[in-house]
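Please read the points below with the sequence and the model in view.

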Amino acid sequence: MDDGLAGQRWETLADVLLAREAALCRIVAGVPPRDFAGLYIGNDDVDRLLRAIPGLDGPEPADVAEVRARFEPAVAGAMHAFAAELTGAGVFADLIRRARLRLAEAEVLALVTAVELHPQRQRLVAYIQDSVQLPRLTLATLGQVFGPSHPGERAVAPGSALDQAGLVSVDVSGPWSVRMCGVPPRVLWALRGSTAPDPELPRGMRVLPPLLTNRRDETPEEPQVLLVHGADRDSRLLQGRRQCPGTGTLVLSSAVADDQWPIVVREATVAGLAVLVELAAPAAVGPAALAAMECSPQLSWVVSSATELPLETMPRRSWLEIEVSDGTANAEDWQEEFGIAKPPDGARLSREQLRLVAAAAGGDVKRLADGFRRLAGGHLESLAVRVRPRRKWTDLVLPSDQMAQLRELAARYRQREVVYGAWGFPAVPSTGVVALFAGPSGTGKTLAAEVIAADLELDLYKVDLSSVVSKWIGETEKNLGKIFDAAGAGDLVLFFDEADALFGKRSEVTDAHDRYANIEVAYLLQRLEAYDGIVVMATNLQRNIDQAFVRRISVAVDFALPDERQRRAIWELAFPATAPLVDVDRKFLAAQFKVSGGNIRNVAVTAAFLAAEAGQDITMAHVMLAMKREFQKLGRMLIEAEFGPYLALVSGDA
């Protein structure tokens, strides 16, 4: 970086040009600088103005030609030195190269900038323009300084390279010839060596440094427009940065006000950055953003979108489209975020998810499980109930075949990376796992889902149907979309209880209600097929589930009422080891009462409350009374064949 700007050749050029114009002005005016210049017009001024009006001027006075000739070597030498300076290193030369300005445009920028930087030059310009109200160069003066063979004022015209890059500003009011030219503060600060971004940039934007690569040559390639779609946001960002080697990246969303895009272009030009615009699905590139891309050929642009963009929304510049097919975080990503050589077993996160998990866990691998839980929790809380799994395999009593199926279900989810990744099996239609648990109420479907979640060290989210199903057309699909979008952001078990309410069979269309109900089922099937997580559907009536869902199911487990041996095991688990039991005959209970595991747990808890209220230990009397209450809920009669010797105990008014 330059130590200072004094004495640089671009300033020397500006000073020589201003000195020449001041000398010419002195000769033409024939009077020294006077007080109140430009504030009144006298007779001498009228004569001088008449001589200077282009339509009335005659041959150039000899003394004027003499001054021009005297300054010619100095001007030519300054211009030659300035052109040489642009080929070397330096803040100003770097800016000219980044903006891809021609030599004539660079000369105009040098002159206008030099005037901005020093008040002495501004006083000199006011003298040249004969008005203290014109301390900056006007369009007419630019044309006069550089002559008819030079672009002069045309170099700052609307649509010019200087204008489109935002390096100059021109007054928008007043007579055209006296509109003054200036330089935005961000450009001047950059020339002074400041790297602070423009404070007028959109909020939320961020600047990322160039990626470190193994390439020897990290010189930015020719400016280009890239359309990157697919995978997750962070993977698209990584791909876009890789396509702009050696260049930092200005990242912002598409929600930028129209009048801020010129500021973005100027910042990227001054700082030498590529611009990456992240689109929020299903948004497209807005007209103002498209105009900015089309009018900034000196910049590389990257448009990041989850899906492909319609062709008619593309900028009128040549562009290259890149699809990011795999956004899964690799070992290098895990090393960067958590400092571990490889991801934990079963952890399959996108780069965006990994970044969020790392932030939630503070980069501590010991808190990784907490990060997983937080990944989707904030989005699902309003639509599903979070269950922190606490029950284990030992809490589940099922026939051996059903237990084996459940363990296979957990293994199917845990080993996805091996089967679909290392072994190359096609993940059609997705790597997700869908399970159907069918059977009567209370047979352990919800408990089994919790046990599987605990085994996989995942949270269980039980979908609240009351918050999902809506009578308004289209609202149910929106709610389901929110659920799958949120669940897709983290590893969890998504549990649909009473699934036939959502996954029911499609019917013949007889009215509009049937048609929209079928649309809901079709939408749910599409989301289920594309979902990469684990879904458990529970139903009391398997025959009510649409066959299209059955085809997608990975594992189907039938839950039946437990037999006597299983009921005995459930009764053993129903009372904790710390519960005060006295003569509770579990064998009798298992043999006599053909109820589900859920009923057994209800009876045990009710008996405990009855005993606690009476200040007693739990006895068979409490258990029998609790069984009576359970039978009353079920609408079952109390018969001697089941209650046996305890029938009299429960037949009274107790």
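In this predicted model, β9 and strand β11 (residues 459-463) pair in the antiparallel sense, over 4 bridges. Within this part of the structure, Arg-386 stands opposite Tyr-461 in β11. Both strands belong to an open sheet of 6 strands with mixed pairing, whose order is β9-β11-β12-β13-β10-β14.

**Sheet edges and twist**
- The edge strands of the sheet are β9 (384-387) and β14 (555-558), each of which pairs on one side only.
- From one strand to the next, the twist of the sheet averages 20°.

**Parallel pairing around β13**
- Strands β10 and β13 run parallel and are joined by 6 bridges, with Leu-436 standing opposite Met-537 in β13.
- Strands β12 and β13 also run parallel, here joined by 4 bridges, and Val-493 stands opposite Ile-534 in β13.

**Burial of β13**
- Because 6 of the 6 residues of β13 are buried, this strand is largely enclosed by the rest of the structure.
- Both faces of β13 are covered, with Ile-534, Val-536 and Ala-538 buried on one side and Val-535, Met-537 and Thr-539 buried on the other.
- In a regular strand the side chains alternate between the two faces of the sheet.

- Helix α20 (residues 475-487) lies across β11, β12 (492-496) and β13, and runs at about 155° to β12.

**A contact between two helices**
- Two packed helices are described by the angle between their axes and the distance between the axes.
- For helix α4 (residues 91-99) and helix α11 (residues 261-271), the axes come within 8 Å and cross at roughly 125°.
- Helices α4 and α11 are therefore oblique to each other.
- On the α4 side the contact is made by Leu-95, Arg-98 and Ala-99, and on the α11 side by Thr-269, Val-270 and Ala-271.
- Sorted by class, the contact of α4 with α11 has 4 nonpolar, 1 polar and 1 charged residues.

Conventions
Residues are numbered from 1 along each chain as its sequence is written. This is a predicted model: local features need pLDDT of at least 70, side-chain atom pairs count only at pLDDT 80 or more; totals for chains, interfaces and linings use all residues. Side-chain values use heavy atoms; hydrogens and water are left out. Axes are lines fitted to C-alpha atoms, for helices over the stretch in contact, and angles run from 0 to 180 degrees between N-to-C directions. Helices (H or I, at least four residues) and strands (E, at least two) are DSSP runs, numbered from the N terminus. Angles under 35 degrees count as roughly parallel, over 145 as roughly antiparallel, 65 to 115 as roughly perpendicular and the rest as oblique. Contact means heavy atoms within 4.5 Å. Ala, Val, Leu, Ile, Met, Phe, Trp, Tyr, Cys and Pro count as nonpolar, Asp, Glu, Lys and Arg as charged, and the others, Gly among them, as polar. Two strands pair if DSSP finds at least two bridges between them. Buried means under 20% relative accessible area, exposed over 50%, partly exposed in between (1.4 Å probe, protein chains only).
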